[in-house]
Amino acid sequence: MGTKNSRFSLVFALKMGMLLSLVSFFTHCEYLKSLTESRYRKRIGGEPASEKDIVNWKEKLALEEAEIEEMEKRIRKLVQKSNQSAALSWKIARAYMRAGSADVGVRYYEEAISESIPNAKQGGFEIHSYESALPYFEKAIQSGKLDKQLLYETAVAYANASKDMGWEVTRRSRAISLFKQLVKLDKEDTRFPFQMALIYFDSSLKDEAWNGKLSSGYEEVEIAFSLLDQILRKEPYNVPTRFAKANFLYQVGKTSLAYDEYSRIKSILEEMKEKGNIREPLEENTSYKNVLKNLNLLGAQNKSN
């Protein structure tokens, strides 16, 4: 029983270490690409509606679910008459995502994409057929009507909606398909293969409970590792990707390789500190502290084995 509990604690610590390290790393390291303010995002303007706003709207109006749906239909009709319809749909989608309603958010992301592609429906564009949508995406992006960030958030929404349903097949497939199109649109943006790797790996874990629903697993772990390795061949100093790989290695039982990967991360962070890419003392850097913690946990476990 003790071994099982210690293994659970280590998995949890490694996962949290990876997440915390991603936040810290994006904050302190300049060489990573930050999300830039795009022309499209500037058009949205102001702060997006929050989940608190949505709750307040519902409480104040005392609406039943059926009435809420009717209200949303009316909103969409009004929005369609405006040249800001895509921006508003995007804003509503973000609000639902923040409220934890990924599947509802997906609907608005779909609308925002459709509304951003001029004459798409007349040209035979189908919102769910992302494999054939690339020409529409390219043209709309070049004209400034469509933003890659919107496509990225839509793919993330699909992935979250699928995960909430125990990695439901259709939404998972749409997320992966959209990320593949994004890779074709921009081969330099490593967010896209990175997110695909997370989907392939997490959805391949058998008997994992996601939002109370068990997943039978897709057995595509090797695809996840391949995507991470592709990123690291281009960006060997991509620490978030190395954290993900170390975490994946541990979860598939390759603790020795996981230890080696965390050791590489430790060396990279120390080198970055020497070059001035990390400003604070390493002892105060969240990524570095998590690396040391994970190395200690793995070292102790390897010795006990």
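Student: What are we looking at, and how are helices and strands picked out?

Tutor: The chain has 14 helices and 2 strands, where helices are DSSP runs of H or I with at least four residues, strands are runs of E with at least two, and numbering starts from the N terminus. The model is predicted, so local features need pLDDT of at least 70 and side-chain atom pairs count only at pLDDT 80 or more, while totals for chains, interfaces and linings use all residues. Residues are numbered from 1 along each chain as its sequence is written, and side-chain values use heavy atoms, leaving out hydrogens and water.

Student: Why is helix 8 called roughly antiparallel to helix 9?

Tutor: Helix 8 (residues 148–164) and helix 9 (residues 169–185) pack at about 155°, with axes 7 Å apart. The axes are lines fitted to C-alpha atoms, for helices over the stretch in contact, and angles run from 0 to 180 degrees between N-to-C directions. Angles over 145 degrees count as roughly antiparallel, under 35 as roughly parallel, 65 to 115 as roughly perpendicular, and the rest as oblique. That makes helix 8 roughly antiparallel to helix 9.

Student: And what makes a crossing left-handed?

Tutor: The near helix has to be turned anticlockwise from the far one by less than a right angle; clockwise would be right-handed. The crossing of helix 8 and helix 9 is left-handed.

Student: Which residues of helix 8 and helix 9 meet?

Tutor: Contact means heavy atoms within 4.5 Å. On the helix 8 side you find K148, L151, Y152, T154, A155, V156, Y158, A159, A161 and S162, and they meet R171, R172, R174, A175, L178, F179, L182 and L185 of helix 9. By class, the contact of helix 8 with helix 9 has 12 nonpolar, 2 polar and 4 charged residues. Nonpolar here covers Ala, Val, Leu, Ile, Met, Phe, Trp, Tyr, Cys and Pro, charged covers Asp, Glu, Lys and Arg, and the others, Gly among them, are polar.

Student: W167 lies in the loop between helix 8 and helix 9. Why is W167 called buried?

Tutor: Buried means under 20% relative accessible area, exposed means over 50%, and partly exposed is in between, using a 1.4 Å probe and protein chains only. W167 has 5%, so it is buried. W167 also has a positive phi of about 60° although it is not a glycine.

Student: E219 has a positive phi too, about 55°, and is not a glycine. How do you know whether E219 is buried or exposed?

Tutor: Its relative accessibility is 60%, so E219 counts as exposed. You'll find E219 in the loop between strand 2 (213–215) and helix 11.

Student: What makes helix 10 roughly antiparallel to helix 11?

Tutor: Helix 10 (residues 191–202) and helix 11 (residues 221–234) pack at about 160°, with their axes 8 Å apart. That angle makes helix 10 roughly antiparallel to helix 11. Their crossing is left-handed. Helix 10 brings P193, F194, M196, A197, Y200 and F201 to the contact, and helix 11 brings V221, I223, A224, F225, L227, L228 and I231. The class count is 13 nonpolar, no polar and no charged residues.

Student: Then why is helix 10 called roughly parallel to helix 12?

Tutor: The axes of helix 10 and helix 12 (residues 239–251) come within 11 Å and cross at roughly 10°. That makes helix 10 roughly parallel to helix 12. F194, A197, L198 and F201 of helix 10 make the contact with P240, T241, A244, F248 and Q251 of helix 12. Those residues divide into 7 nonpolar, 2 polar and no charged.

Student: How do you know that F201 is buried?

Tutor: F201 has 0% relative accessibility, so it counts as buried. Leaving aside neighbours within four places in sequence, F201 is in contact with V221, A224, F225, F248, Q251 and V252.
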